[in-house]
Amino acid sequence: MSQLNGLVINCRFLTQEINGVQKFAFEICQVIKKKCPEVIFVAPNASLNVHGEKILQPEKIGFLKGHLWEQIELPIFLRVRKLDFLLNLANTGPIFWKKSFVTIHDLAFMEDKRWFNPNFRRWYNFLIPRIAYRSLRIFTVSNFSKSELSTKLGIPMKKIAVIYNAVNLKINGEQEDKVKGRILTVGSINPRKNLQVLLKAFRSFETKYELVIIGGKSEVFGKSEAGEEGTNVSYMGYVDDYLLSYYYRTSELFVYPSLYEGFGIPPLEAMSQGCPVLLSNIPAHKEIYEGSAQFFDPASVKSLIEGIQHFFEMSDLAKTKMILNSKNRANEFTWEASANLILNSVETCMK
């Protein structure tokens with residue numbers, strides 16, 4: 001796509017911990033790298049994700065790190081090289097670069113001050129509106145987030161395009177049996193993920209079931225008590241895709257009690273691996289997963305208990321049908337389709 005000559009992609013996300021935002025950016029970049037060799041990938045001259053650096057092979061520039069690199073050295077690079085258009089895929093980008101495109105996944109930092117540390121929240125409250133106003137185009141991951149961006153930031157709806165997430169888990173090719181009674185949850189340990197409600201609900205079943213919690217703690221999140229690890233509760237921290245896929249495939253039920261999401265990748269990962277999902281009934285989940293998941297009220301321990309009880313009382317036939325519906329829904333999302341939507345939008349603006 002010759003029209004994309006001179007497009008630069010901001011790869012600062014390669015210096016960050018891998019969460020949903022970074023997964024989105026990396027997967028979209030992988031597709032673009034294969035389809036558009038003329039696109040330029042740029043990252044800080046710092047320690048990068050080894051796997052991501054090997055695949056994307058970004059040009060490493062500058063001496064600064066983090067936001068300073070993004071706000072100072074990245075724009076200098078663009079000016080010196082006389083490159084106009086910049087694609088930012090991980091929420092942030094240079095404030096004063098007008099010919100830019102930005103992906104803003106959600107506005108969780110504006111929703112509840114307990115979910116992020118104060119410095120992170122203040123910076124995002126300053127940064128995100130300014131990037132959004134100056135960008136040529138904004139990409140986001142659901143119609144729910146699109147509505148939030150429009151109503152809370154006053155961005156015209158026509159300026160925002162919805163680009164859904166997808167999944168691309170690595171598996172070892174082996175077929176494992178379900179571990180009877182295994183319940184799984186995946187997500188960062190922070191208040192927004194609502195782990196305490198799951199732990200309280202699980203206490204009603206802890207002699208019957210096993211709870212596996214995958215995810216770590218990041219400094220950007222607010223304080224959250226993870227709870228005690230016990231005989232039937234295991235904290236795995238961060239795991240690679242192979243182990244993550246193993247737990248999705250061997251768990252009987254995936255539970256995701258999050259209070260707020262722009263999309264929520266872990267449920268889609270679970271569905272793609274044949275694990276039934278029980279989700280909080282928040283707007284993004286209802287938009288993405290209606291008809292392929294069961295739902296509960298994330299503010300109610302009782303509602304979650306009833307949801308877990310209902311699932312384990314379902315017939316094998318009903319569970320099999322649920323798994324089939326889930327896999328079919330997961331197959332509707334692909335990174336190639338999402339990347340193509342971004343490329344088409346960017347190309348239109350660059351003409």
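A residue counts as buried if its relative accessible area is under 20%, as exposed if it is over 50%, and as partly exposed in between (1.4 Å probe, protein chains only). The views below come from a predicted model, where local features need pLDDT of at least 70, side-chain atom pairs count only at pLDDT 80 or more, and totals for chains, interfaces and linings use all residues. Residues are numbered from 1 along each chain as its sequence is written, and side-chain values use heavy atoms, with hydrogens and water left out.

**View 1. Gln57 and Lys82 each have a positive phi.**
Start with Gln57, which sits in the loop between helix H2 (50-56) and strand E3 (59-61). (Helices, H or I with at least four residues, and strands, E with at least two, are DSSP runs, numbered from the N terminus.) Its phi is near 50°, and Gln57 is exposed, because its relative accessible area is 58%. Now hop to Lys82, in the loop between helix H3 (66-80) and strand E4 (86-88). Here phi is near 55°, and with a relative accessible area of 75%, Lys82 is exposed too.

**View 2. Phe26 is a buried residue of helix H1.**
Helix H1 covers residues 20-35, and Phe26 is part of it. Phe26 has 13% relative accessibility, so it counts as buried. Who does Phe26 touch, not counting residues up to four places away in sequence? The list is Phe13, His51, Gly52, Ile55 and Leu56, where contact means heavy atoms within 4.5 Å. Take Gly52: it is 26 residues from Phe26 in sequence, but their C-alpha atoms are 7.1 Å apart in space.

**View 3. Ser150 reaches a backbone oxygen.**
Look in helix H6 (residues 143-153) for Ser150. It counts as buried because its relative accessibility is 18%. Its side chain comes to 3.0 Å from the backbone oxygen of Ile155.

**View 4. Six parallel strands make an open sheet.**
Reading across, the order is E10-E9-E8-E11-E12-E13; two strands pair if DSSP finds at least two bridges between them. At the edges are E10 (233-237) and E13 (294-296), each pairing on one side only. On average, neighbouring strands are turned by 25° against each other, direction ignored. (Axes are lines fitted to C-alpha atoms, for helices over the stretch in contact, and angles run from 0 to 180 degrees between N-to-C directions.) Zoom in on E11 (residues 253-256) and E12 (residues 277-280), which share three bridges, and you'll find Val255 opposite Leu278.

As for helix H7 (residues 195-202), six of its eight residues are buried, including Leu195 and Phe202.

**View 5. Helix H9 packs against helix H12.**
H12 takes in residues 316-330, and its axis is 7 Å from that of H9, at an angle of about 120°. On H9, the contact is made by Leu268, Met271 and Ser272; on H12, by Ser326, Lys327, Arg329 and Ala330.

Technical notes. Polar contact = N/O pair within 3.5 Å; in protein donor to acceptor, adjacent residues only side chain to side chain.
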